[in-house]
Amino acid sequence: MVIISTITALLVLNIRVKHIRGKMSEDYIPKMQRALVLQGGGALGAYDTGVFQALYKKINAHRDGRPLFDVVAGTSSGAMNAAILVSNAIDKGWDYAATKLNGFWDYVSIEP
């Protein structure tokens, strides 16, 4: 899991810089930040997916032009979820990332 956690940290940094770039200097840190921290524990990763969907709908409805999340991190299956979310959100947005996360858990939970 160290590799996935490291990848997640790099992706978090990448999305943070991308959202800040062009508006402010890269070393600017907003006074208030929103973080998504996802738990680990096997099947709880699938639970994280539903929780993310609910949070996304609620936060996205009231966004004020700032990034959806300033920091995204996780442990174990939460780190996998964070990597899926951030890597897809960077280029294609959070809607696409949410769809990919659902697709991942649908794929791994299908009975043989």
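**Exercise 1. Which residues form one aromatic cluster?**

*Before you start:* this is a predicted model, in which local features need pLDDT of at least 70, side-chain atom pairs count only at pLDDT 80 or more, and totals for chains, interfaces and linings use all residues. Residues are numbered from 1 along each chain as its sequence is written, and side-chain values use heavy atoms, with hydrogens and water left out.

*Solution.*
- Step 1: Rings of Phe, Tyr and Trp (its six-membered ring) pair if their centres lie within 6.5 Å; planes under 30 degrees apart count as stacked, over 60 as edge-to-face and the rest as tilted.
- Step 2: Searching the whole structure gives five aromatic pairs.
- Step 3: One of them joins F69 and W94, edge-to-face, at 5.7 Å centre to centre with 75 degrees between the planes. This pair links distant parts of the chain, 25 residues apart: F69 is in the loop between α2 and β2 (71-74), and W94 is in helix α3.
- Step 4: The cluster you want consists of F52, Y56, F69 and W94.

**Exercise 2. Find the residues that touch the most other members of the largest nonpolar core, and the element that gives the most to this core.**

*Solution.*
- Step 1: Take buried (under 20% relative accessible area; exposed is over 50%, partly exposed in between; 1.4 Å probe, protein chains only) Ala, Val, Leu, Ile, Met, Phe, Trp, Tyr and Cys residues, joined through side-chain atoms within 4.5 Å.
- Step 2: The largest such core has 19 residues, and L36, F52, L68, F69, V72, L85 and W94 touch the most other members.
- Step 3: At least two residues come from each of β1 (35-38), α2 and α3 (77-109), where helices (H or I, at least four residues) and strands (E, at least two) are DSSP runs numbered from the N terminus. With eleven residues, α3 gives the most.
- Step 4: For the background, nonpolar side chains tend to be buried together in soluble globular proteins.

**Exercise 3. Why is the pair of F104 and W105 edge-to-face? Classify the burial of each residue as well.**

*Solution.*
- Step 1: The ring centres of F104 and W105 are 5.2 Å apart and the planes stand at 85 degrees, so this pair is edge-to-face.
- Step 2: F104 has 25% relative accessibility and therefore counts as partly exposed.
- Step 3: W105 has 13%, so W105 counts as buried.

**Exercise 4. Describe the order of elements in the chain.**

*Solution.*
- Step 1: Count three helices and two strands.
- Step 2: Read from the N terminus, and the elements run α-β-α-β-α.
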